[in-house]
Amino acid sequence: MFTGIVEATGTLAAIERKGASSVIRIHCPALDLSDVALGDSIATNGVCLTVTELGKDYYCADVSAETINRTGFADYQPGRAVNLEKALLPTTRLGGHLVSGHVDGVGRISKKSKVGFAIELWVDAPAALSRYIAEKGSITVDGISLTVNAVAGATFKLTLVPHTLNNTTLNDWQVGRSVNLEVDIIARYLERLLAGGQSDASSGLTLATLAASGFVK
C-alpha cells in the first residue's frame, strides 16, 4: 500500500523488451534506497512494481504484459521522468489517501490553465471510471494523491499548488499527455459490497446510489 505522497522523482533509464513484457531500470539518486530490499514494492508513476535488482541509485523491476496494457507504460520511453514512492510503513503519516498501486485506467489531460499561483488541469478519464470520481474526493494521478475539485461527466478538474508542482513530474504535464489513474479504493469496495457479488458492469451502482444507501455523504 501507498499514500500517494511522492517521495522523489526518478528517470526511466532503460527498457528491455522481453516478448510482451519488459524489464525496466529506474535511475533515482533522490530516493533513499537504504531501507529497500529485493522484493520490496515501489510505486512508479502510480504502478506498484517489485524490486528485482538494486543499486546505490537505481532499481530494476519486471513490467508484465498486463501492466503494460493497462497503464501508460505502453508509451513510455527511456528518459521519461517518473514519480516514486516506497511502500508505506505502519508508522507512516497518511498524508494522502490509501493507494494500492493498481492502476484502473489511463486518462488524458484535456485542458491546462494558470489560476493565481496554482495550475488547473482537466483530465478525461475512461467512461467506466466516472462513477468512482466525486467532487472533493481523492484520486491518484501518476502516483500523486490529488483532490478532485470539479466533475463534468468523465472529466475532472485538479488544482495544483507550487509545492506539488515542484516535487513531482507535474511541471512536465501538458495537454494531450496520458496519465495513470487509480480511483479511491473505498468507492470500489463499497460498490462491490452493495452489489452482493455481482460484476461491476451489472451492479448499476453509482456514488449517488451509495449516498442514498447512507454509505457516503
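Student: What classes of residue make up the lining of the largest pocket?
Tutor: By class, that lining comprises six charged, five nonpolar and three polar residues. Please note that the model is a predicted one.

Student: Which residues lie nearest the pocket's centre?
Tutor: Those are Glu7, Lys86, Ala87, Leu88 and Leu89, out of 14 lining residues. The space in this pocket amounts to about 280 Å³.

Student: Lys86, then: buried or exposed?
Tutor: Lys86 has a relative accessible area of 12% and is therefore buried, the cut-off being under 20%.

Student: Which residue does Lys86 meet in a salt bridge?
Tutor: The partner is Asp35, with an N to O distance of 3.0 Å. The two residues are 51 apart in the chain: Lys86 belongs to strand S6, whereas Asp35 sits in the loop between strands S2 and S3.

Student: How many salt bridges does the structure hold?
Tutor: There are five. One of them joins Arg188 to Asp104, the closest N and O atoms being 3.0 Å apart.

Student: Where do Arg188 and Asp104 lie?
Tutor: Arg188 is in helix H3 and Asp104 in the loop between S6 and strand S7, so the pair ties together parts that are 84 residues apart in sequence. Arg188 is partly exposed at 25% relative accessible area, and Asp104 is partly exposed at 23%.

Student: Changing topic: what is in helix H1?
Tutor: Helix H1 covers residues 65-70 and contains both Glu66 and Arg70, four residues apart, or about one turn of the helix. Arg70 forms a salt bridge with Glu66, their closest N and O atoms being 2.4 Å apart.

Technical notes. Residues are numbered from 1 along each chain as its sequence is written. This is a predicted model: local features need pLDDT of at least 70, side-chain atom pairs count only at pLDDT 80 or more; totals for chains, interfaces and linings use all residues. Side-chain values use heavy atoms; hydrogens and water are left out. On a 1 Å grid over the protein atoms alone, a cavity is a set of points where a 1.4 Å probe fits but cannot get out, and a pocket is an open set with protein on both sides within 12 Å along at least five of seven lines; lining residues have an atom within 4 Å of a point. Grid points are joined across faces, edges and corners, and a volume is the space filled by probe spheres set on the points. Ala, Val, Leu, Ile, Met, Phe, Trp, Tyr, Cys and Pro count as nonpolar, Asp, Glu, Lys and Arg as charged, and the others, Gly among them, as polar. A salt bridge is a side-chain nitrogen of Lys or Arg within 4 Å of a carboxyl oxygen of Asp or Glu. Buried means under 20% relative accessible area, exposed over 50%, partly exposed in between (1.4 Å probe, protein chains only).
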